[in-house]
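Please read it with the coordinates open.

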Amino acid sequence: MLNLLGRVKLDTRTGVAVAPFEIITTGEQIGQPDDFAVLADGSVVLAHPVADAVEWVGRDGVVRGLGMVSGVTSVVTAEGGKGKGKMYMSTSTLEGGQAVGRGKVVEIEV
């Protein structure tokens, strides 16, 4: 398993790559997300349900934890522009891989 996050610039009309694939970062910290969202500034937010964690990855590859969200399974952005705003995350009934309680929607600031 490679555990890498990358990007490629596409022509919006044709969907064809117009630049080579670029690796942003690699490592276990970004491995196996269930979902992700790309922010307007090009940074990425990753949801890791088994680890109960949310990670932010900057365009420069710097990884920063945004917090613990039990069973986080999906991420949606509601940005105010320039990569700032709110993220909404849905959760499963899992916490640390064990079924507990009910799923919910969580809001965090980025």
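1. Rings of Phe, Tyr and Trp (its six-membered ring) count as a pair if their centres lie within 6.5 Å, with planes under 30 degrees apart called stacked, over 60 edge-to-face and the rest tilted. By that rule the structure holds 0 aromatic pairs. A ring does take part in another kind of arrangement: the charged end of Arg64 sits over the ring of Trp56, 4.7 Å from its centre. The test for a charge over a ring is that NZ of Lys or CZ of Arg is within 6 Å of the ring centre and within 35 degrees of the ring normal.

2. This is a predicted model, in which local features need pLDDT of at least 70 and side-chain atom pairs count only at pLDDT 80 or more, while totals for chains, interfaces and linings use all residues. Residues are numbered from 1 along each chain as its sequence is written, and side-chain values use heavy atoms, with hydrogens and water left out.

3. The chain has 0 helices and 11 strands. Helices (H or I, at least four residues) and strands (E, at least two) are DSSP runs, numbered from the N terminus. Of the contacts in the chain with a separation of 6 or more, 29% are between residues 24 or more positions apart; a contact means heavy atoms within 4.5 Å.

4. Of the 110 residues in the chain, 33% are buried. Buried means under 20% relative accessible area, exposed over 50%, and partly exposed in between (1.4 Å probe, protein chains only). The chain exposes about 6800 Å², and carbon and sulfur atoms supply 54% of that area. Accessible areas come from the Shrake-Rupley method with a 1.4 Å probe; for residues, only the protein chains shown count as cover.

5. How many salt bridges does the structure hold? There are 3, a salt bridge being a side-chain nitrogen of Lys or Arg within 4 Å of a carboxyl oxygen of Asp or Glu. One joins the side chains of Glu22 and Arg7 at 3.1 Å, N to O. This pair links distant parts of the chain, with Glu22 in strand β2 (residues 22-26) and Arg7 in strand β1, 15 residues apart. Glu22 is partly exposed at 39% relative accessible area, and Arg7 is partly exposed at 23%.

6. Another salt bridge is formed by the side chains of Lys86 and Glu107 (4.0 Å, N to O). Here too distant parts of the chain are linked: Lys86 is in strand β8 (residues 84-91) and Glu107 in strand β11 (residues 105-109), 21 residues apart. Lys86 counts as partly exposed at 31%, as does Glu107 at 42%. Asp11 and Arg13 also meet through their side chains in a salt bridge (3.7 Å, N to O); Arg13 is exposed, with a relative accessible area of 74%.

7. Leu2, Leu4, Val8, Leu10, Phe21 and Ile23 make a nonpolar surface patch of about 580 Å². Patches are made of residues with over 30% relative accessible area and no salt bridge; like charges are joined within 9 Å, and nonpolar side chains (Val, Leu, Ile, Met, Phe, Trp, Tyr) within 5 Å. Within this group, Leu4 lies in strand β1 (residues 4-7) and is partly exposed at 34% relative accessibility.

8. Gly103 is in the loop between β10 (98-99) and β11, and is partly exposed at 40% relative accessibility. Leaving aside residues up to four places away in sequence, Gly103 touches Thr91, Ser92 and Thr93. Gly103 and Gly71 are 32 residues apart in sequence and 8.1 Å apart in space, C-alpha to C-alpha.
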